[in-house]
There are 2 protein chains.
Amino acid sequence: MSLEMPEPDAGVLARREEIILALRAIVPGEGVIDDPSALLVYESDGLTAYRQPPMVAVLPETTAQVAAILRWCHLNGVKLVPRGSGTSLSGGALPLADGVLLGLGKFKRVLDIDPANRVAVLQPGVTNLAVTQAIEHLGFYYAPDPSSQIACSIGGNVAENSGGVHCLKYGLTTNNVLGVEFVTIEGEIMRIGGRGLDAAGLDLLGVIVGSEGLLGVVTEVTVRILPKPEAARALLLGFATVEGAGRCVAEVIAAGIIPAGMEMMDRLAIHAAEAFVHAGYPLDVEALLIVELDGPEAECSELIGEVEAIATGNGAVYARISQSEQERLNFWAGRKAAFPAVGRLAPDFYCMDGTIPRRRLPDVLTRMKMLSAQYGLGVANVFHAGDGNLHPLILYDVNKPGDLDKAEEFGADILRFCVEMGGVLTGEHGVGVEKRELMPVMFTEADIAQQWHVKCAFDSKSLLNPGKMFPLLHRCAELGRVHVHGGQMAFPELPRF
Amino acid sequence: MSLEMPEPDAGVLARREEIILALRAIVPGEGVIDDPSALLVYESDGLTAYRQPPMVAVLPETTAQVAAILRWCHLNGVKLVPRGSGTSLSGGALPLADGVLLGLGKFKRVLDIDPANRVAVLQPGVTNLAVTQAIEHLGFYYAPDPSSQIACSIGGNVAENSGGVHCLKYGLTTNNVLGVEFVTIEGEIMRIGGRGLDAAGLDLLGVIVGSEGLLGVVTEVTVRILPKPEAARALLLGFATVEGAGRCVAEVIAAGIIPAGMEMMDRLAIHAAEAFVHAGYPLDVEALLIVELDGPEAECSELIGEVEAIATGNGAVYARISQSEQERLNFWAGRKAAFPAVGRLAPDFYCMDGTIPRRRLPDVLTRMKMLSAQYGLGVANVFHAGDGNLHPLILYDVNKPGDLDKAEEFGADILRFCVEMGGVLTGEHGVGVEKRELMPVMFTEADIAQQWHVKCAFDSKSLLNPGKMFPLLHRCAELGRVHVHGGQMAFPELPRF
């Protein structure tokens, strides 16, 4: 693998027994795991190409324990990697050989459901799907729905600012989180945000959501819950050209229609999905759109008609409206199975995650074809088209020498092109270890330094999830893009007039 | 006034001529104002009880000029107060006797309108209402609508995270801003966020929105624009008790209905507004709700019926649905004129801005009556009831010795009670100078220190809008609540593995 991992600190490794004892004093019983074979379950997350077991894992059950662990690690200079369900696709929960793995898996309780204020209060280990399951009897649901929603935790969603097919209309995690209980590396327990829309003072909630475990540990999450729509219908649209599908997406949004979801698949993805789940997709088209409208029945029907007219105007050669709830779910079954379906086309695939302004879809697809030919690797495309979030799946064979490196270079080229088109490096999977060296493609030296200063304002010793999100120093220096911030910068006192 | 103002720095005052020359070298012509009588126009913002002319004012026209001004002030240790239209109700733009007033009034251009991506790009001096006026011919509007929208600027809205009656459904400014161009105190120009929902790395946008000019200067704003709804209708509901109105508000939200606006007025405010604009309000009720539904016509009618049924179930004694667009606007005319209308009840009033969980409305109103009796000052209540944002208007007479101090104490008691009920110090007006000493009521020592560290990560010399948002040190020490952060805290280098 091309990933550079930090050299473990021999001094910390020598203190392993002392560290384990200290953790046991905080979390008694089976909450501290130090058996090497048991630690193997934590060696990677959803990006399984990278593997590293932690020095020790600790599974606290209370916020007070989390605070005590962080305080002890801070005083003793020991690094920590927080982990939810370990479904990160960017290596965000990759452990450190000389670090503690802090698992939040025991924080499983739904603490409060408050329909009058339309909020639910959750412990971070509750899975994304379990949030909706806990409130659906009241007619509510939680909108962001990553494909991993059966497994991924709400705490992990906060760390990665996760998305999903319904984020086009309802926003990403950051738009659906109202408050958190948050423990700093110094062991201070804070409440940030709450059940309402605003708070006084600096709004730290936005910078915490999506901070990938680098600023602190979230021990409670307050989310916005939404009433289930009266109706939901899906429209399957086939196009003879990818350009036509791309223009259709842009025109739907320009017409003021925000579908609940608007997903796009290319020929390779369509064929793979159809062979896998028999969703009823047309096989003679270059691009397929699945457009879902939700809301009151009357609105739904009207908007479906409008979307169909826009599709026809952009050369759609196939259109089918779901005639039953079963058929609607069938349409989605193909899309949701696209990743495993593509997995049957090649021994391995590498899932990328970039964004572009939606009118650039055709440009990016054309470039992707060129790159595919250049690298000699196939690529299947599955997009959250409505919000311009691409998930190209690069096909390779890890047992073929050089194939993985080529896949990684191919992926990096796609992300560079996304940024060139006005997009960004990640739509919903995070930077993690995967994309840290690409940060200077998107950000200037001043941008990264400013983000680093904010990181340091929370974690001055850089003990929380080091090696993630920020490019490694010597790589940055090589690139000549990132300033080496060697000087000491002092926090002035609070204003003294 | 009870406001403590910082003692001006004699060293800086002695360098006034040098500072003016340096600013003139950056902004030629009439862009630098140093005539004392001309500077009087800047001596206060919408909180006119506090007055202080700046040392000098500068009105740049380009981002490069803003960057040069900030860089020069940073190198020369000169403080700055940024200002939009000067409509802040918390003294957020109150100048400093030894500081530069940085006016963004010349940044008046709408830079881009992009319906396909549903965004508009604006210079910060564009007024809130002008945003909607620039896009309404395309069928779009900008949702957050502060009462001052004719005058207040979009840059000021970003600084204060402004709200408005439509924020219940569509969110505050922070939910409608996608990106900014931002100049740091060191003169670095950054782009934060963009036209999409997510960005890689630490999300600095959330902490910038609502930062009251303490982190940097916004020179361009990208906002989300929304399609105009097909229909909008308003419902006027009268209640014999404030409790009934409060329960109605909570039940509407719990039923999964999010009105476009849900406003509440108490008897004093109703009578004042009716006498002022003859909106057709019932005069024999204790509380009035104005509930607006928008969306497709069919949805609107259905929801109006549901809201009316909930109101009846909570003892509404009066209900009227707007029968025409004219009548709908009439219902709102009373609400929008409530502040000037209440202005006729007493020589002066003091407008407060706190929030509470919406089910606490009756408790807060009861407490307000007690406090009104205790202080001997009348209070009229106008609420954004749907999101629990209170605007009590405390009536007083500035020419009556002690009355203003009583009004301020009364206001502080209301905000303390809001926090006690689980609410916050400000819903949309900001902390500014007005509420800075109340921050420890809401935040712990660790909370304020963490916010201060983030402030320092942007502005290490504390030159940007000092004296706002954070409690003054010696006051904090008196309160014994805020830690004196005297030690030096170093920024470590970027990770070097």
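Start by selecting B:V32, which sits in strand β1 of chain B (strands are DSSP runs of E with at least two residues, helices are runs of H or I with at least four, and both are numbered from the N terminus). This is a predicted model, where local features need pLDDT of at least 70 and side-chain atom pairs count only at pLDDT 80 or more, while totals for chains, interfaces and linings use all residues. Residues are numbered from 1 along each chain as its sequence is written, chains are lettered from A and ligands numbered from 1 in the order in which they are written, and side-chain values use heavy atoms, leaving out hydrogens and water.

Is B:V32 buried or exposed? With a relative accessible area of 5%, B:V32 is buried (buried is under 20%, exposed over 50%, partly exposed in between, using a 1.4 Å probe and protein chains only). Now show what surrounds B:V32: beyond neighbours within four places in sequence, its contacts include B:I20, B:L23, B:V56 and B:A57 (contact means heavy atoms within 4.5 Å).

Next, colour the sheet of chain B. Its 4 strands form an open, mixed sheet in the order β1-β2-β4-β3 (two strands pair if DSSP finds at least two bridges between them). β1 (32-33) and β3 (79-83) of chain B each have a single partner strand, so one side of each is left without a neighbour in the sheet. Select residues 56-58 to see β2(B), which pairs with β1(B) in the antiparallel sense over 2 bridges; here B:I33 has B:A57 as its bridge partner.

Staying in chain B, select B:E220 and B:R191. They form a salt bridge, the closest N and O atoms being 3.0 Å apart (a side-chain nitrogen of Lys or Arg within 4 Å of a carboxyl oxygen of Asp or Glu). B:E220 lies in strand β10 of chain B and B:R191 in strand β9 of chain B, so the pair ties together parts 29 residues apart in sequence. B:E220 counts as buried at 12% relative accessibility, whereas B:R191 is partly exposed at 48%.

Finally, move to chain A and pick A:E181, A:R191 and A:E220, which are linked in a network of salt bridges.
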